[in-house]
Amino acid sequence: MTDHFTDLFFHEHPPSSVLIEDVQPMVDNGRYPVKREVGDSLIVSADIFRDGHDKLAAVVRYRERGTGVWTDVEMTFVDNDRWAGTIPLDRYTTYEYRVEAFPDVFNSWRDEVEKKHADGQELSSELIEGARILREAKTRAVGDDIASLDTLIAQIEGDDQQRAVDATGTPETLALLYRCRSKADLVQSEPVLRVKVDRVRARYAAWYSMFPRSAGTVEGKSATLRDVIAQLPRIHEMGFNVLYFTPIHPIGTTNRKGKNNTLHALPGDPGVPYGIGSTDGGHDAIEPGLGTFDDFHDLVAAAKDHGMEIALDVAIQASPDHPWALDHPEWFHIRPDGTIKYAENPPKKYQDIYPINFQNTEWQALWKELKRIILHWVEHGVTSFRVDNPHTKPTIFWEWLIAEVQRDHPEVIFLSEAFTRPKVMKSLAKAGFTQSYSYFTWRNFKQEMTDYLIDLTQGPEKEYMRANFFPNTHDILPVILQEGGRPAFISRFTMAATLSSVYGIYSGYEMCENTPVPDREEYLNSEKYDYKVWDWDREGNISDFISRVNRIRETHPALQEYDNLEFYQASDDNVLAYGKRSADNGDIVVILVNMDPFSAHEAQFELPVDRFGLSVDIPFRVDELLTGETFMWTGRTHHWRLDPHVNPVTIFSITPWLHQDYAEPCY
């Protein structure tokens, strides 16, 4: 510390007294980038001040990472020494940004002169000082600005003090001095920060998860990728835009699991898709029963025609029959007897899977191979990946891999399937995962749901973690769905689709499939171990409801944003009241959910009509978007009843009553 301050005295000029503190947004002191989407604006703010009363100026400098050209955006004073500036984000790339601040010499002088002039003081000395400031500014002037400064200097050095003061405050003068201003004593914030700009689907998407082999119509036989093409109209009609497949690679036969996770498969049992690899290939191949790469290309193209993209599961593990097990045994965990260790999560055992040893001596070759596999599928039209259990692999590997892939393919989205400890989940999001699974699946009560969503969308996590809400997965059938039946499926779906702007369901959800393994959060007769043929139109399905909600999402921009969530007071502990609105209040959506799937509840709820830009005394229009009903409401407090068997949820659009703007009565 002593040496640092001693070194200051060896400089010719004293150090700048301008201070820049608390630059935001920032993640871990700049170790990781914040995240935004194309079309957004990044508001950068900082505390900026110095001793005394002189004026300051500040800019946000930004550039695309890897380029040499910086662009300046002026910062403006907010309050209490807080300044802010806005960066436009028009490309999906990574931008660098920092804050610069410096004394505003001319405006400090002008402020002093105006105050003294208003007090009737004589200004000859101050005007001499002003002329000197202008001459110094002239050294930076170009073109017509040189002559303009000469004219201004002549006015200041003239005999008319009033004219001199007036000339320094015109808009033209202020613009001129802005162009020629000095940045002496400039201070830069450290470190240089980053913002990762993704495509909009990183924030706004509806995922539909399925086993491609269950898209067919023949019992006991695998469906093909072409059978999946036949399902696209149905999935599109429900409003999904990302179609996510569990692994589509060849499945091993050694230690293949049978129905309901039995240890010995019977003839005809297809095995678990996560037991990847056979003599037909590994992670870069397609299970022959599903079809060929030509079929896959046709599927990708057909999905695109329906406004959807294909997402693949990335499961970094191998069956005993995977080519890696023969060619690269060093990539696995070797037991003392020389055999490869299979996967375990005591008491669970996965004898059909070998986990990867990321600490092996040939780790560089392993990392490169995994990168090759991702790029292989990108070349075949895949732009999104759901990564299975990323928390069981080194976080630094994901940081490297995602950066490597997105360097040339910034459009690629990575979803982290990490149901693990909170800090590990956050670390993976910081390391680069575009989206993250969350604890929403197990938040069943009003207060815990509210607290959790406030943390996700209003706390520090909002800068780097986009929570993708799945009410179920092929691994998880939550108790609330097992016991709550159709009302629970409706309410949980609504919350997933409207609390977050990005969500997903596992196929079967639309049919309210909820038969569990006794005392487990797992599906009985799971298609992880078997072929399935589904009756998509069976009685009790909620496909039409899902379609309506997704259409509401599509037509209401407020629901397409992530961090604009707000909660409202509701008198019943089983009624969750919340909403989203656009920044200009042009779109306001309010949702009420009965979180009790068994009993009806009614509540008084409070709407912040003043924040909505409405008057408490003037009626406003309320459209119930699920039923098409329209109401006229006045004031903040309102009442609603939610019956789980009739209307477990309600979605309102709130707009001003058009006639309130009429200034004169119509005759």
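Author: The answer below takes the pockets, then the cavities, then a helix and some backbone details.

The model is predicted, so a local feature needs pLDDT of at least 70 and a side-chain atom pair counts only at pLDDT 80 or more, while totals for chains, interfaces and linings use all residues. Residues are numbered from 1 along each chain as its sequence is written, and side-chain values use heavy atoms, with hydrogens and water left out.

Some terms come before the numbers. The search runs on a 1 Å grid over the protein atoms alone. A cavity is a set of points where a 1.4 Å probe fits but cannot get out. A pocket is an open set with protein on both sides within 12 Å along at least five of seven lines. Lining residues have an atom within 4 Å of a point. Grid points are joined across faces, edges and corners, and a volume is the space filled by probe spheres set on the points.

Start with the largest pocket. Its volume is about 1400 Å³. The lining has 44 residues, and Asn345, Lys348, Tyr350, Asn389 and Asp475 are the closest to the centre. Strands S15 (343-345) and S16 (348-350) each supply at least two residues of this lining. Strands here are DSSP runs of E with at least two residues, helices are runs of H or I with at least four, and both are numbered from the N terminus. By class, the lining has 18 nonpolar, 12 polar and 14 charged residues. Nonpolar covers Ala, Val, Leu, Ile, Met, Phe, Trp, Tyr, Cys and Pro; charged covers Asp, Glu, Lys and Arg; the others, Gly among them, are polar.

The second largest pocket holds about 640 Å³. It has 23 lining residues. Nearest its centre are Lys35, Arg36, Lys462, Glu463 and Asp563. Strands S2 (34-37) and S3 (41-49) each give at least two residues to this lining. The classes here are nine nonpolar, two polar and 12 charged.

The structure holds four cavities of 30 Å³ or more. The largest cavity has about 110 Å³ of space. Its lining has 14 residues, with His283, Val314, Ala315, Ile373 and Ile374 nearest the centre. H10 gives the largest share, four residues. The lining divides into 11 nonpolar, two polar and one charged.

The second largest cavity has a volume of about 70 Å³. Among its lining residues are Tyr506, Ser507, Glu513, Tyr523, Lys532 and Trp534. The classes are four nonpolar, four polar and three charged.

Two of these elements meet again at helix H12 (residues 422-431). Its buried residues are Val424, Met425, Leu428, Ala429, Lys430 and Ala431. Buried means under 20% relative accessible area, exposed over 50%, and partly exposed in between, with a 1.4 Å probe and protein chains only. Those residues pack against S2, H11 (395-408), strand S19 (413-417) and strand S20 (435-436). Contact means heavy atoms within 4.5 Å. Just after H12, Gly432 takes a positive phi of about 140°.

The backbone has further points to check. Most residues other than glycine have a negative phi, and most peptide bonds are trans. Asp22 is not a glycine, yet its phi is positive at about 50°. It is found in strand S1, and it is partly exposed at 43% relative accessible area. Asp81 likewise is no glycine and has a positive phi of about 65°. It sits in the loop between strands S6 (76-79) and S7 (82-88). Asp81 is partly exposed, at 34%.

Cis bonds come next. The bond from Gln24 to Pro25 is cis, with omega near 5°. Pro25 lies in the loop between S1 (19-24) and S2. Glu190 and Pro191 are also joined by a cis peptide bond, with omega about 0°. Pro191 lies in the loop between strands S9 (187-188) and S10 (193-198).
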